[in-house]
Amino acid sequence: MQGVLGAFREIDSAVEAIEDLKKERFGDITVFTPTPRHEFEHVMAHGPSKVRIFTLIFGLAGVTFGYWIPVWISDYWPLVVGGKAIATWVPFTILGFEVMVLVGGLATVFAMFALAHIPRLTMTVGYDARFSGAHFGVWVVTDPDRADDAMTVLKKHGAEEVRRER
Amino acid sequence: MTQRRKWTAIPGLLALAIGAAMLSAYSGASSSQHHSPVQPINFPHPVHVQKLGMNCLYCHNAANKSMDPGLPAVSTCIGCHNIIGPDRPASDLGPKRHSVELDKLYKFADVAGMGAGMGANAKPIPWVRIHKLPEYVHFPHTRHVNAGVTCQTCHGQIQKMDRVYQFASLNMGWCVSCHVNGYSAKEGLQAAGYAPPDSGANAAAAPATVATGERKKARYDCANCHY
Amino acid sequence: MATTATPLPGGQRPNIPSAAVRFPAIKTYDQVDREIAGTLGPSLGWFGALGIAILCMLIGATAWTYQIHEGLGAAGYQPPVMWGVYIVTFVFWVGIGHAGTLISAILYLFRAGFRTSIYRASEAMTVFAVMTAGLFPILHLGRPWKFFWLIPYPNWRLIWPNPKSPLVWDVFAILTYLTISSTFLYIGLIPDIAILRDREKNPIRKAILSQLSLGWRNSDREWRHFTRAYLFLAAFATPLVLSVHSVVSFDFAMALTPGWHATIFPPYFVAGAIFSGIGMVFTIAIPLRKAFKLEHYITLNDLDAAAKLCLFTSSVVGLAYLTEFQVAWMSGNRFEQDYFWNRVFGQWAWAAWIMLICNVVLPLSLWSQKLRRNPAWLFILSLFINLGMWFERFVIVVPSLSHEFEPWQWGTYRPTWVDYSILLGSFGWFFMWFLLFIKQLPVMAMAEIKEVILPPMRRRRDFSHDLTQGVVDPDETGATH
Amino acid sequence: MSQDTKKPGVKRREFLKVLGATSAAVAAAGCSEETGKLIPYLVSPDQTVPGVSTYYATTCRECSAACGLIAETRDGRAIKLEGNPDHPVNHGALCARGQSALQGLYNPDRFRSPMVNEGGAWKVITWDDAITRLSQGITQTRGANRAGGAVFINQHESGSFPRFLDTWLAGFGMPPHLSVDFESDAAAIEANRRTYGVAWPSLSFKDAKIIVSFGADFLDSWGANVPQQLDFADARARLDGAPRFVYIGPRRSLTGLNADEWIACKPGGELAIANALAGKGSIQQAATDAGVDQAALQALATELAANKPALVLSGVSGESALDVALAVAAINQASGAVGVTIKPAQPLTGFEGIAHTDQLLGAVERMRAGQVSVAFVRGVNPAYHLPKASNFADAFAKVPLRVSFSSFPDETTELCNLIIPDLHSLESWGDAEPIRGTIALQQPVMDPVFPTNSKTIPVAPGTADVLIQVAKKDATVASKFGAPDYRATLIAGFPGGAQALGAALPKGLAAGTIPARTLAAAPAVAPKTTSIASTQGEFFLITYPSPLLGDGRGANKPWLQELPDPVTKVSWSSWIEIHPETAQRLGIDRGDILEVKTANGTVRAPAFPYLGVHKDAIAIPFGRGHRAAHAMPMFDPKTHTVGEVQWGYGRYARDLGINAFDLLPVGTHAAGGFIWTATKASVSKTGDNEALPSTEGSARQHGRGIAQAVNAADLNKPGAGEGGEAKEALPGDASHAFLPGLRSPVAADAQGDLGAPTAADQGKNKGLYREDDIRGMAKRRWAMTIDLARCTGCSACITACNAENNVPTVGAFWQNATIYADQKPGFNITRGREMTWIRLERYFEGNPDGKFGQDFETRFVPMLCQHCGNAPCEPVCPVYATYHAPDGLNVQVYNRCVGTRYCSNNCPYKVRYFNWFGYGEVDRKQYAFPEPLNWQLNPDVTVRGKGVMEKCSFCVQRIREAENRATLEHRELQPDEFTVACAQGCPSRAITFGDAADPNWTVAQLANDKRAYHVFEELNTYTAVVYLKKVNHPAAGATAPRA
């Protein structure tokens, strides 16, 4: 995969660079930022994350399972304790809740992994150690002939360093 | 300056797997099923039961009236083997031969020879125990035998075993599944290796439950066996 | 021309409005990385502390080994007091755990600014506290090697745990709590580990850090899902905080022992847990900010805010104490009344009064702002709070059991060296993990701190403006060159 | 029977060992352990089926009463002793001491073979050698013409043996033996002989209108306590016309605690009172002399006059004992008691021919004078229970040949130079005549526990057989002893011979009399009367035989050591009783170590402030304080090797507590009996304090209505409330709200969860189990009633339970954790870790601030698992280790228990007990059943391992056994077909067990009694144990103290 990488010191220049790139119809843009900034969210204009769907589904699945286990266990081998009914629903709410949290929580995390493509087995091109520190990176995927335009745009907005990658 | 590096989360998963394995192993899923120790005297059940058609209760005489099935006293063996000595004539049991096992018996029972009774320094035969339940399990043979459960249901077809081995797992789950699902005289007979009497006199002679295949269930709460 | 930017969708995570002035002393991203990463790497004092912790841990381990060999009688149990130091300590450590989750999750949802700097440390504290607490239910068993019978796993006995038993609820609650809070901690750590990874020179350490950071590369996509997942985890952890200690309180509330059988227990326990947790946070954070020279991260404002929370929970706990007596008094139940009289004037009066003074009286000092902003005092107070909260659990467990329905079986309780060694060991175990943590991984969330300080800008301008509007105002578009 | 079982000898013992090991293995052990060998019989004994118990009738020899026993044996081992229901004396009841005979039989410190002391060193010899040495010794003495100086001190027993022994002695020209019983009341016997002409008429409490006891502890150890207790309970349980019981004496014993009124006279004051009541001397004078309230005495006199016949008993042990006994006899005659409440026509022959202390002392003096050539001791331990002042040891040392037939390494045996251990009564033949006209047979219920070490003698012989062997070696005597062994001798002497004997053996009883010993009048010995007045000290010293350990005989039996004293609830330790008022005056707290000093010696023991002792007196029980002649190292189970002799009466008795005999002067009263209350003593604090090993938490029930009582007067007037707390229902109309819970196995029914059971539900499968799962068992609801009007607090039920359910004793000092500062005996008890599944709570009522002269009431409550329908312990168990069985049992599954102990926390009755150490694990130093004690273990009951909770199971093994038998015989269980161990053993029949869901069982009827109540009924536990209120008989006008 070929493309151009620009490293910015200032956030606003990076944002403006992205806007221009978008104007110039550069499609596949990725931003590297040490910390989540809304400026980028707005300019990249991706929709809200899909994680929440997984959370909901698995949360519900969890609570169902959490209720079902104790009921099944109690009924599987009906032993009377303390003159109580075999399947006592009210206290099983506790288990239902705990299992919901467990399953839902873990599902959320794995959903996040899946959607964010981590753990990623190869460090893809276009990443630079500085981006976890104090630099903002803009990575544009282009075919070689348009690479120069991209580089100019990035340079124009004061990228500290601009380079091609392939 | 593109860096390529391998990542992996496998070690963690491995650890989990090992942990799970250890837990299940530790949880005591073990059983001495199938173990078949060598006995001081290789007592041939097939000959006594299959050929001579002796009843289990002849030797294990307490099985129908006690928790313990009971072991034959040495005198019980000598009772017959006083007249049936180690030198065996040719018979439907085989050609003329000399039985080493009976020599051993005579040695234990301190029997001089055929006809001579047990001697003064007779020693009991140290049979090796095969079926062993933990001390906290109280298994009443009498209840089961009197309920018509065939010995083979739990002990396997002893009459066909040249050397007795533990037939069932004797796990709690094994016991309980029978108490829950119930015992059917029909299956009991099959387990014993005898075809269920199908027609005519046999059917009449057999208990009604054989025909109906009715299942007899039993209590399975803990205090039935654990106290 | 019109911006391509879309307005903030609801639920999107905005920056804290006061972000710009959150950490006045922190100017640049580099500074954050430099200062916090600088706290890593072992020092002589650290080795000393770790040594002591491990020693204590070993003492506890030895005592436990002896107890397993000899039988539970080695501990000081004295029927009818069938639960003692172990359960007390169990509840104590679970309680400690709660403040961590409170700070990292609940305050996160409430956008309480002062959490940013202390949440990492307290979240770690939570995980290690729960790890410690989790040992005790096993440790107090008569046959600890059979502990797994409490876990519902398929087995050849075809028999399962009793889901009606509060102890089984405990198993579920504690395991869930441990899993979720450690996940929460780890997720929060990923970006910071990435930072360390990128700063690391030593190839081996770099390799390890790379594994831990799961290949995190700060891309916008990662951040987008990350922030959302983080939010939901927080949303899950929040009720968990309330539930776990409620469940622990059921161990007592569900029994009919006088002094245990009370509906007030769940809220009372949760409040107590958070109270004790804040105490432990002080005990940990105050020396930490001094040793690591991070006073400008954990500012006096933060301490002040935490102290207010402490004062609040303290008064909730105090109210609970009073309510217990009032209920016993008005219940007309002879057993309750006898017991509560015995609690404050009977053989256990000393314990009860330690509890009341440490948990209710001393924290009143926090009404004074001067003291709230005085780290030294907060530290001393926190020690008293820890002591008081341990004794609160003691007062709940031991006197109740020693003074039950049957006068003939009234008794007393005298712990032995085994109990004390294991109690000591639990502290050793806890601090061992914590010390290892603070020198290997950042005690503060670098990425989150970067989030709340001013980002580097080419042009100064009103920042809050950006939050509401798009990124740049139209008139300035194209004016750049 | 035992002939057959004898054949295989040693080999079958191996077989037993296998079984022993099997039953002793533990619940904690996993399934996959070594399966081991199966050793069959050589010849299977007839009448025994492996795994099924065989029962033999025999006779108890633990005291002179000779109660009838049924010994349960399993695979050749005796595992349980119970009373013989057909026996005319004990009617199936048995006291704690009788039940503990088993631990004498299997005592790990029993001699395993004869021993001889050569040059101060003990060495094991063969039986042949022992017999040869004995006969040589005797021949020598005869040669020296000194046979006449022989002394044979034998434990007193009735039956043929005494005569046999005399014949044997006579054969060698030796004088008749001394038949010693230290607990017998010489004064009473003498008075009886003078008044009625018999040593001990049988008593009838049932026919008495009023019972007065002058220190006669007929419920502890005075007379034949089992029949007396049974009779007393029957008398007192009558709801109308039951006799009042007044106790007169300086110390309120267990018997005293059962009295309605206590007249606390000062020691020696009894004489004045007795005389006054007999009409000699004025009441007023008596009151002042005895230091008691004149009004009370006057009231008593009037009452005696009004209620005839009375039963007045004297058990005074002071110098005036005989006079009191005679005065009392006068009172009885005056009130027409003779023939009604006192029946000389049916004398208890067991009390005939007792040689009293004066004769024993005479013998000691002869020894000191060097006139005694040979001394035999059998079953008696004078070195322990003759006062130090008598210097027995020195005198005894002057005897050249000292032979002990004792089975245990007691003090006297240690002073001997030849030990030929006797067989235990359960291993040997014998007979007794407990009551005139009845012969009780004693037969071996099993082979001797220990193998013989001799080629020629196949089985270890008993003393009788040894004597016969010796006789056979002597030409002159041999002729008199033709029979091969004692068994043959018995048969020969038995009316009707072998046939009759064989016929009588199954029941162990036969009609007929055994000719009594022909006793030449005992050599007159001048009584050494001592005057208590002349002694120094501010307190009277009252000493009394412990109701459990007797005169010390019981001290080597862990069951009896562990069994809390019925009065003080102290175990594994001695104590000094002192009145709280006095204690307060001297600043003495419970457990303070006091030093008691008399002219004869000094002892140190912890103080026990006790309401029931005179304020000018202190009381010390006998029984403990056994010492080895040469100090021995502390017993250590790890280093102990089999055969290493534990002198000082064995590991359980040595160096434990104090021996009160050290304090007493040598004194005998006019009847020749020993004077127990013979001296004053001074008391001083030492400053140390040690927690008493006591099971008592609070002696007051704080109005919680655990032990409820009702006045006899109120009982029959409906609606008259006992008052006190509201929950205590009116006697007329007890709240029977709990009855539905008893009718169905699961109390949830009673609560209406399943619709309250109706009449139609009776006998149907009820409970939450599915119909098809419960196989018709669930129609039962096992339940129990305990009648507090009958319970005397004797604690026999506890021992019965220990024996039946393999309950470990935990008080021995080595049963603590290894690393403890103090390895004190009873340490585990001090920590409240006792294991007994049933306990006797003793609550005091009235006299709240412990003033002397104010009367108080005592209520005994046997407290065991209540088997609640709504058991609080069940739902909290995380692993279903405890749950509710469909037949209403609250079950504890040991092998499932992980030991969270939550159930115990949640049990309002606190009846669950935890195995803090490996009491049941053979390889541990805390092991409670050292070989061969483990032979007694009940194979039907799991021995619990460490870390496991246990509790009363309502003897579920007996329930299963009965059910198995019923199904085997294709029938339903019959009402009252079987019962549980505690109910079976209870000497006062206070406990009834059965199926409450079936109205035909007694228990179901008793549960409807108007005195019935539940403990903590307000907790809605629907327990299966129903208590019947105690009935008080306050003096006219007075009202009994309230709960």
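Guide: Quick term before we start. Axes here are lines fitted to C-alpha atoms, and angles run from 0 to 180 degrees between N-to-C directions. This is a predicted model.

Visitor: Okay. At what angle do α4 and α14 of chain C pack?

Guide: Helix α4 (residues 85-109) of chain C and helix α14 (residues 375-402) of chain C pack at about 135 degrees. Their axes are 9 Å apart.

Visitor: What does that make α4(C) relative to α14(C)?

Guide: Oblique. Angles over 145 count as roughly antiparallel, so α4(C) is oblique to α14(C) at about 135 degrees.

Visitor: Is the crossing of α4(C) and α14(C) left-handed or right-handed?

Guide: Right-handed.

Visitor: Which residues in α4(C) and α14(C) meet?

Guide: From α4(C), they include V85(C), V88(C), F92(C) and I96(C). From α14(C), they include M389(C), W390(C), R393(C) and F394(C). By class, the contact has ten nonpolar residues, three polar and one charged.

Visitor: Switching to chain D. How far apart are the axes of α10 and α13 there?

Guide: They are 9 Å apart. Helix α10 (residues 270-278) of chain D packs on helix α13 (residues 321-334) of chain D at an angle of about 20 degrees. That makes α10(D) roughly parallel to α13(D). The crossing of the pair α10(D) and α13(D) is left-handed.

Visitor: Who makes the contact between α10(D) and α13(D)?

Guide: On α10(D), L271(D), A274(D) and L277(D) are among them. On α13(D), V324(D), A327(D) and I331(D) are among them. The contact of α10(D) with α13(D) has eight nonpolar residues, one polar and two charged.

Visitor: What about helices from separate chains, say α4 of chain A and α8 of chain C?

Guide: The axes of helix α4 (residues 89-116) of chain A and helix α8 (residues 220-253) of chain C come within 9 Å. They cross at roughly 165 degrees. So α4(A) and α8(C) are roughly antiparallel to each other. α4(A) passes α8(C) in a left-handed crossing. That contact of α4(A) with α8(C) divides into 17 nonpolar, five polar and three charged residues.

Visitor: New topic. How much area do chain D and chain C bury between them?

Guide: About 5100 Å², with 55% of it on carbon and sulfur atoms. In residues, 71 of chain D are in contact with 58 of chain C.

Visitor: How many salt bridges between chain D and chain C?

Guide: Three. One salt bridge pairs the side chains of E406(C) and R839(D), at 3.5 Å from N to O.

Visitor: And over all chains, how many salt bridges?

Guide: The structure holds 83. R9(A) and D30(C) form a salt bridge through their side chains, at 3.8 Å from N to O. R9(A) sits in the loop between β1 (3-8) and α1 (11-23) of chain A. D30(C) is in helix α2 (residues 29-37) of chain C.

Visitor: Now the backbone. Which peptide bonds are cis?

Guide: Here are two. The bond from I118(A) to P119(A) is cis, with omega near -5 degrees. P119(A) is in the loop between α4 and β3 (136-141) of chain A. The bond from P79(C) to P80(C) is cis too, with omega near 5 degrees. P80(C) lies in the loop between α3 (44-70) and α4 of chain C.

Visitor: What is the phi of S795(D)?

Guide: Positive, about 75 degrees, although S795(D) is not a glycine. S795(D) lies in the loop between β28 (782-787) and α27 (796-805) of chain D.

Key. Residues are numbered from 1 along each chain as its sequence is written. Chains are lettered from A and ligands numbered from 1 in the order in which they are written. This is a predicted model: local features need pLDDT of at least 70, side-chain atom pairs count only at pLDDT 80 or more; totals for chains, interfaces and linings use all residues. Side-chain values use heavy atoms; hydrogens and water are left out. Helices (H or I, at least four residues) and strands (E, at least two) are DSSP runs, numbered from the N terminus. Angles under 35 degrees count as roughly parallel, over 145 as roughly antiparallel, 65 to 115 as roughly perpendicular and the rest as oblique. A crossing is left-handed if the near helix is turned anticlockwise from the far one by less than a right angle, and right-handed if clockwise. Contact means heavy atoms within 4.5 Å. Ala, Val, Leu, Ile, Met, Phe, Trp, Tyr, Cys and Pro count as nonpolar, Asp, Glu, Lys and Arg as charged, and the others, Gly among them, as polar. Buried area is the accessible area (1.4 Å probe) that two parts lose on being put together, summed over both. A salt bridge is a side-chain nitrogen of Lys or Arg within 4 Å of a carboxyl oxygen of Asp or Glu.
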